[in-house]
Amino acid sequence: MPRHLPATADAHSPWRSSGFRVLFSASVLGVLGTNVSYVTIPLIAVLALDAGPGQVGVLAALSTAAFLLIGLPAGAWVDRVRPRTVLVAADLLRGLLLAGIPLAWWWDVLTFEGLCAAVFLSGVATVFSDVAAQSALPQLVRPEALVPANSAMVSLMAAGNVAGRGAGGALVQLLGAPVALVCGAVGHLGSGLRLIRMERGVAAEIPGMADGPRRGPSLRARIAEGLRHVLRHGELRALALTGALGNLGTVMVNTMLPVVFTRELGLSAGALGLFWAVGGAGLLFGARCARRLADRFGHGRALVLADACLAPTGLLVPLMGRGVWLWVAGAGWFLFAVRTGTGNVLGVSLRQRLTPDTLLGRMNATFRFVLTGAMALGAALAGAIGSYGSPGAALWTGGALLCLACVPTLVSPLRRRRELPPAGAAGGIRRGSGRGTCRTAS
């Protein structure tokens, strides 16, 4: 048990941990910065650099390409260093990179190639930040508080999608893209400075991490160990596959939205930000419902139920058009986001409880490699289909993938899981079917 938690603390409340409070408050700034830049950067490419669908796809792919290139080694590295150091460095780097884009614009030296370089390097920092944050969280709260802690973090991400993306579209429309991007940069810089206050002893509970890098298995062997842990476990494998399909479809849709909104439908940047905010509201609603659904139906069953009922609504998004069809697409976007919010809370909590502390970084890196790698591929695929076919064809392809995202969980052992495995049982999990950790429903 983490030593900095008082013995009298409410076991189900993550807010009694000072480390969690620091991580959450820093994430508030970081999430807002991320979502403002999410809206602003593609609009800069379209409006200021006259980028076409193919170039927008390349830009979106570069934002996540680092997960394919260094995602797996990053997990092995994070398992051997303090997450606090990684989190601080990553946020400060992202803030500086984003601040350089409006400076280049104001000095009239911004090019598409320079924008791509900044986006790619920011993606490299995001690799380490994401892996370190998910690896640190189980060490900051008691096992009983893990689901509420993940619910709080996913809810924050969802609220950031609502506030950050809505604010991003409004800032671009009212003040211009450079000012909007400066706000995003300030968010990341503030997050990095806040994380400095996290206790230095957070990593001390993870064997092999407190003392820093030590001699041991090779980097390749450590990466292979993380891959085996995920791919040989029935439940973890299903979570990875369903997440990959969902991310592939989501990014294909998101990549084409700036083109469809501004060029085909003639709508404003504010309308685009509002549409993205609708998805954020769905994420927030799903995250807040996750714990109640798990209590009612069982942890795995709730996840499978959300997938089966809500994933097919992704086919409503490509119906986007003027008038009522924009509302239909927005409803589909909201409902699929509810599914994603529920799945994020339940899936991440399950992943963390099924994994020993010494493998957390590599497990998270493997998931980020698969999930965010799918995002990079989705962006590139959307750009190709949008260029050689049409943006509408890219939207329909993405909607079909959203619908298929439920298949891996429907045929997995997750449908028989009633509860999370007990804390400390991760090391003894049976590989393969995952039946050793599931309870059959009565």
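**Close-up views of an all-helix chain**

View 1. Asp91 and Arg94 both sit in helix H3, 3 residues apart, which is about one turn of the helix. They form a salt bridge, and the closest N and O atoms are 2.8 Å apart. Bear in mind that this is a predicted model. Are these two residues buried or exposed? Asp91 counts as buried because its relative accessibility is 4%, and Arg94 counts as buried too because its value is 8%. As a bit of background, side chains of opposite charge can pair when their charged atoms come close.

**View 2. The whole chain, for orientation.** Stepping back, the protein chain has 14 helices and 0 strands. Of its 442 residues, 56% count as buried. Take the contacts between residues at least 6 apart in sequence: 87% of them join residues at least 24 apart. The chain exposes about 17600 Å², with carbon and sulfur atoms supplying 64% of that area.

**View 3. Asp307 and its partners.** Asp307 lies in helix H10, residues 299-310. Which residue forms a salt bridge with Asp307? That's Arg339, with the closest N and O atoms 2.7 Å apart. Arg339 belongs to helix H11 (residues 324-353) and Asp307 to helix H10, so the pair ties together parts that are 32 residues apart in sequence. Arg339 is buried as well. Asp307 also has a polar contact of 2.8 Å with Thr409, side chain to side chain. Leaving out residues up to four places away in sequence, Asp307 touches several others, including Thr242, Pro312, Ala405 and Cys406.

View 4. Glu235 is in helix H8, while Arg417 is in the segment after helix H14 (407-410), and 182 residues separate the two. Both Glu235 and Arg417 are buried. A search of the whole structure finds 3 salt bridges.

**View 5. The largest nonpolar core.** This core has 51 residues, and those with the most contacts inside it are Ile41, Ile101, Leu115, Leu257 and Met320. Which helix gives the largest share of this core? It's helix H8 (residues 234-264), which contributes 9 residues. Zoom in on Met320: setting aside neighbours within four places in sequence, its contacts include Leu257, Val260, Phe261, Phe275 and Trp325. There is also a second, separate core of 24 residues, with Val31, Val141, Ala145 and Ala149 among them.

**View 6. Gly398 and its surroundings.** Gly398 is found in helix H13, residues 391-404. Its relative accessible area is 0%, so Gly398 is buried. Not counting residues up to four places away in sequence, Gly398 touches Gly249, Met252 and Val253. Gly398 and Val317 are 81 residues apart in sequence, yet their C-alpha atoms are 8.9 Å apart in space.

View 7. Leu103, Trp106, Trp107, Val109, Leu174, Leu175 and Val179 make a nonpolar surface patch of about 770 Å². Helix H3 (83-106) and helix H5 (146-175) are the elements that give two or more residues to this patch. One of the patch residues is Trp106, which lies in helix H3.

Note on methods:
Residues are numbered from 1 along each chain as its sequence is written. This is a predicted model: local features need pLDDT of at least 70, side-chain atom pairs count only at pLDDT 80 or more; totals for chains, interfaces and linings use all residues. Side-chain values use heavy atoms; hydrogens and water are left out. Helices (H or I, at least four residues) and strands (E, at least two) are DSSP runs, numbered from the N terminus. A polar contact is a pair of N or O atoms within 3.5 Å; within protein, one must be able to donate a hydrogen and the other to accept it, and residues adjacent in sequence count only if both atoms are side-chain atoms. Contact means heavy atoms within 4.5 Å. Buried means under 20% relative accessible area, exposed over 50%, partly exposed in between (1.4 Å probe, protein chains only). Accessible areas come from the Shrake-Rupley method with a 1.4 Å probe; for residues, only the protein chains shown count as cover. A nonpolar core is a set of buried Ala, Val, Leu, Ile, Met, Phe, Trp, Tyr and Cys residues joined through side-chain atoms within 4.5 Å. Patches are made of residues with over 30% relative accessible area and no salt bridge: like charges are joined within 9 Å, nonpolar side chains (Val, Leu, Ile, Met, Phe, Trp, Tyr) within 5 Å. A salt bridge is a side-chain nitrogen of Lys or Arg within 4 Å of a carboxyl oxygen of Asp or Glu.
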